[in-house]
Each structure stands twice: as C-alpha cells, then as structure tokens.
Amino acid sequence: LKKMGMNLLLAVGNGSRYPPRFIVLEYKGAGSSKDTTAILGKGITFDSGGLNLKPTKYIETMKFDMTGAALVIGIIKAAAELKMRVNLVGVIPACENMIGPSSYKPGDVYVSYSGKSVEIGNTDAEGRLILADALAYTEKNIKPSRIIDFATLTGAIMVSFGEYVAGMMGTDKESSKKIFDAGQRTHERVWELPLYDEYAEEIKSEMADINNIGYGPYAGSIMGGIFLKKFVEKTPWTHLDIAGTAWWEKARYYTPKCGTGFGIRLMIEYLKGIS
C-alpha cells in the first residue's frame with residue numbers, strides 16, 4: 001500500500017495495531033463482455049472516531065462501520081450463486097480507525113492515490129478518505145463501465161431519512177434511475193441528493209487541494225458525497241450512504257435487530273436489469 005501511494009487508507013489505519021488491507025474480488029458471469037460493474041464498500045472494522053473521538057451513545061455500535069465491505073462480499077456471493085450473467089469487481093479498503101501514538105491528526109495533509117492533497121479537518125470523517133483512494137484506484141486500474149459504492153458514511157443521512165431510506169448521490173443518472181426503481185420493488189429504498197458545484201466550494205482548503213470536511217454543521221451527507229466526487233474523473237459513479245439503513249435499533253417486519261443486509265437485494269435487482 002505504501003508503494004502504491006494509498007496514503008489516505010494508510011493514514012486512517014495508522015492508529016491501529018492491525019495493518020490496513022485492500023481487497024479486490026472478481027466475478028465474471030458474463031465472460032468476455034467488456035461491461036463491468038465495480039462495487040466498492042467502506043470497510044472500517046471499528047470506528048472510534050480517531051482523535052476526534054466519538055461520544056458515548058454513538059461509539060458502542062461502531063463495529064457496524066464495515067457494512068459497506070460486507071455488502072460487496074454479499075452481492076458478489078449472491079450473484080455467483082444465482083449464476084448472473086454480469087461481470088463484477090468488488091473493491092474493499094479495510095482498516096480500523098483507532099487512537100494510538102501514530103494516529104493521524106487534524107491538520108495533517110496527505111497526498112492521496114490520485115495525487116490530490118487532502119487536509120484532515122476531522123479524523124471521524126475517515127470513511128470518505130479510504131473510499132477516495134479506492135475510487136481512484138478502481139477508475140485507473142480496473143476501468144469499469146460504472147462504479148457504485150456503499151458506505152455507512154454520515155450520521156447526517158439519518159437526520160434526513162432515519163432508518164428507512166438510503167441517500168444516493170453521483171454522476172450516473174442512468175444507474176441512479178435504475179437503482180431507485182430497484183429499491184421501490186425490493187423495499188430497499190433510496191432517494192437522490194444533489195451534488196451541485198456550489199457545494200464543492202465548501203471543502204476547499206488553504207493548505208491542500210481539499211479538506212475532508214466543510215460547511216460547518218450543514219449538508220453533512222452531501223459534503224461526504226462531494227468529497228468522493230473529486231476522486232472519480234470520468235467513470236459513471238453512484239454513491240449510496242447506508243448509515244441509517246444498515247443497522248436497525250429494533251427488529252421490524254422480517255428484518256432482525258442490528259445488521260440488516262440492506263443493499264444486497266437492491267443490487268441483485270439492479271443487476272438483473274443490466275444483465
């Protein structure tokens with residue numbers, strides 16, 4: 001990872017005794033077809049918040065911050081078992097965001113895999129950092145037809161939608177429409193939020209290309225999305241913020257308490273439409 005220049009992933013993982021991992025999985029159900037969907041998942045195995053420590057009533061459930069990574073594995077497993085005629089590549093940046101003598105700090109600046117420099121405004125905005133390196137790597141090396149990422153990215157998405165709906169953002173209008181329709185059919189529902197250029201002004205940094213937070217208390221989920229957008233140059237891309245839907249405080253309907261598996265049925269239904 002050091003040789004590759006995955007400096008954002010390495011920074012987030014610096015405080016843990018467990019070194020970061022970067023996982024790539026491949027399922028070729030459509031053989032020689034050049035159409036490939038890359039699915040990315042945030043894999044923070046535990047999120048303490050780093051030096052910007054999470055408070056009580058928030059930190060206790062942070063073992064679920066690897067849900068995006070789990071979904072990538074689940075989607076590929078389901079597609080393989082169903083023998084779906086699609087080509088998938090799963091990409092998982094995985095690490096633990098902990099406090100230690102080598103933890104990354106607010107005010108640090110790191111040069112990402114893409115070459116863009118990032119100022120750390122808050123160490124608890126770590127998911128977007130590891131996904132930034134993963135997005136840039138995927139676009140450059142895998143060259144997929146489209147990228148879809150899943151992340152328990154922001155608590156702010158729960159302010160908007162609670163536990164019932166995931167936030168969707170991105171540049172791929174075709175996939176966004178198909179994912180929305182798939183969500184209506186599977187009851188794993190999504191709703192699109194805007195990524196207007198004005199929002200990008202809010203994450204400018206005086207000492208780096210961009211800051212990993214911005215705009216004070218406002219538009220927290222959009223700020224996460226606009227940051228990620230900086231690391232996808234041309235590939236059609238969709239971001240799904242599943243922080244509310246991935247983990248339920250109580251059982252509802254056929255879904256148990258805690259991990260819900262939200263996103264697997266959604267993506268299988270979506271992939272049916274492009275296979």
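## Thr-36 in strand β2

Thr-36 counts as buried because its relative accessibility is 16%; buried here means under 20% relative accessible area, exposed over 50% and partly exposed in between, with a 1.4 Å probe and protein chains only. The residue belongs to strand β2, which covers residues 36-41. Helices (H or I, at least four residues) and strands (E, at least two) are DSSP runs, numbered from the N terminus.

Which residues is Thr-36 in contact with, leaving aside its neighbours within four places in sequence? They are Asn-87, Val-89, Pro-144, Ser-145 and Arg-146, where contact means heavy atoms within 4.5 Å.

## About the model

This is a predicted model, in which local features need pLDDT of at least 70 and side-chain atom pairs count only at pLDDT 80 or more, while totals for chains, interfaces and linings use all residues. Residues are numbered from 1 along each chain as its sequence is written, and side-chain values use heavy atoms, with hydrogens and water left out.

## Thr-245 in a loop

Let us turn to another threonine. Thr-245 sits in the loop that runs between β11 (237-241) and β12 (247-248). With a relative accessibility of 1%, Thr-245 counts as buried.

Setting aside neighbours within four places in sequence, Thr-245 is in contact with Glu-163, Tyr-164, Val-165 and Ala-166, and also with Thr-260 and Phe-262.

## Asn-7 in helix α1

Asn-7 is part of helix α1, residues 7-13, and counts as partly exposed because its relative accessibility is 29%. Beyond its neighbours within four places in sequence, Asn-7 is in contact with Tyr-110, Val-111 and Asp-133.
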